[in-house]
Amino acid sequence: MTVDLTDPTRSVSATLDGPVLAVLARSGKPLTAGQIAAQAARGSEIGIRRTLGRLVEQGIVRATEMGRNRVHELNRQHVAAPAAQMLADLRIELWKRMRQRLGTWNPKPLYACVFGSAARGDGDAHSDLDLLLVHPPFPGDTDPGRGMGGPSGAAPLTERQLIKWRRQVDELRSMVPAWTGNELQVLELSSYEWADHSRRGTELFQNVEREAVQIVGGPP
């Protein structure tokens, strides 16, 4: 089963309980049903009101009259509250796993980020996860930066390091589908290519600058 990257709660809850609890877990203040509906990844306001009524009966959500409004908040003392928080943090958990995995690499990427629909949060269950990896130059790579005022990147990898790099990338490509069900699309750029200012106006670089969820390092 794949993860809907807009609403990861679908993976564990087909009802509106998932998105409602996720919104309340993220919120630092009580919310009306309308405010919850505006923030929830799915569900009509009528459906969310019905869900809230049931969750209040179950005790995991508290309802309070505040003036003319009825507001709701997660009962964080409830035994199921940690599960609600986990629902809210599913995408964060994915970024955490990727950071942990890339942190074990040797050689390591100079920079890594998720971009595209997964980063924007507007993908669906069929969306791939797009990962940009900036790596030290491979053996034989030339540096276009030398024609623009000097070198632009780390020392090139050795042949042995290149083999390890390829193995690490292949392993990650198999891990992410195991974590989410979604395919991982990896875009690899050398530090030379990343530092090539002639590329900065391209759609890729604009998307990364606008959307990137940083996983490793800072932009080289």
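Analyst: Start at Ile-215. Leaving aside residues up to four places away in sequence, Ile-215 touches Trp-95, Met-98, Arg-99, Leu-102, Ala-112, Cys-113 and Val-114. This is a predicted model, so the contacts described here are those of a prediction.

Ile-215 belongs to the largest nonpolar core, which has 24 residues. Ile-215 is among the residues with the most contacts inside this core, along with Trp-95, Val-114, Leu-129 and Leu-133. Several elements give two or more residues to the core. The helices among them are helix 5, helix 6 (117–120) and helix 7. The strands are strand 4 (111–115), strand 5 (129–135), strand 6 (184–190) and strand 7 (213–216). Helix 7 gives the largest share, 5 residues.

Now look at how two of these helices pack. Helix 5 covers residues 90–103, and helix 7 covers residues 159–180. Their axes lie 12 Å apart, at an angle of about 155°. An angle over 145° counts as roughly antiparallel, and helix 5 and helix 7 are therefore roughly antiparallel to each other. Their crossing is right-handed. On the helix 5 side, the contact uses Leu-94, Arg-97, Met-98, Arg-101 and Leu-102. On the helix 7 side, Glu-171, Leu-172, Met-175, Trp-179 and Thr-180 meet them. By class, these residues are 6 nonpolar, 1 polar and 3 charged.

Next, follow the chain out of helix 5. The loop between helix 5 and strand 4 holds Pro-107. The peptide bond from Asn-106 to Pro-107 is cis, with omega near 10°.

Strand 5 deserves a stop too. His-135 sits in this strand. Is His-135 buried or exposed? Its relative accessible area is 3%. Buried means under 20%, so His-135 is buried. Beyond residues up to four places away in sequence, His-135 touches Leu-110, Trp-165, Glu-188, Leu-189, Ser-190 and Ser-191.

Finally, turn to another pair of helices. Helix 1 (residues 17–26) and helix 4 (residues 81–88) have axes that come within 8 Å and cross at roughly 95°. Helix 1 and helix 4 are therefore roughly perpendicular to each other. Gly-18, Leu-21, Ala-22, Ala-25 and Arg-26 in helix 1 face Ala-84, Gln-85, Leu-87 and Ala-88 in helix 4 across this contact. The contact has 6 nonpolar, 2 polar and 1 charged residues.

Notes. Residues are numbered from 1 along each chain as its sequence is written. This is a predicted model: local features need pLDDT of at least 70, side-chain atom pairs count only at pLDDT 80 or more; totals for chains, interfaces and linings use all residues. Side-chain values use heavy atoms; hydrogens and water are left out. Axes are lines fitted to C-alpha atoms, for helices over the stretch in contact, and angles run from 0 to 180 degrees between N-to-C directions. Helices (H or I, at least four residues) and strands (E, at least two) are DSSP runs, numbered from the N terminus. Angles under 35 degrees count as roughly parallel, over 145 as roughly antiparallel, 65 to 115 as roughly perpendicular and the rest as oblique. A crossing is left-handed if the near helix is turned anticlockwise from the far one by less than a right angle, and right-handed if clockwise. Contact means heavy atoms within 4.5 Å. Ala, Val, Leu, Ile, Met, Phe, Trp, Tyr, Cys and Pro count as nonpolar, Asp, Glu, Lys and Arg as charged, and the others, Gly among them, as polar. A nonpolar core is a set of buried Ala, Val, Leu, Ile, Met, Phe, Trp, Tyr and Cys residues joined through side-chain atoms within 4.5 Å. Buried means under 20% relative accessible area, exposed over 50%, partly exposed in between (1.4 Å probe, protein chains only).
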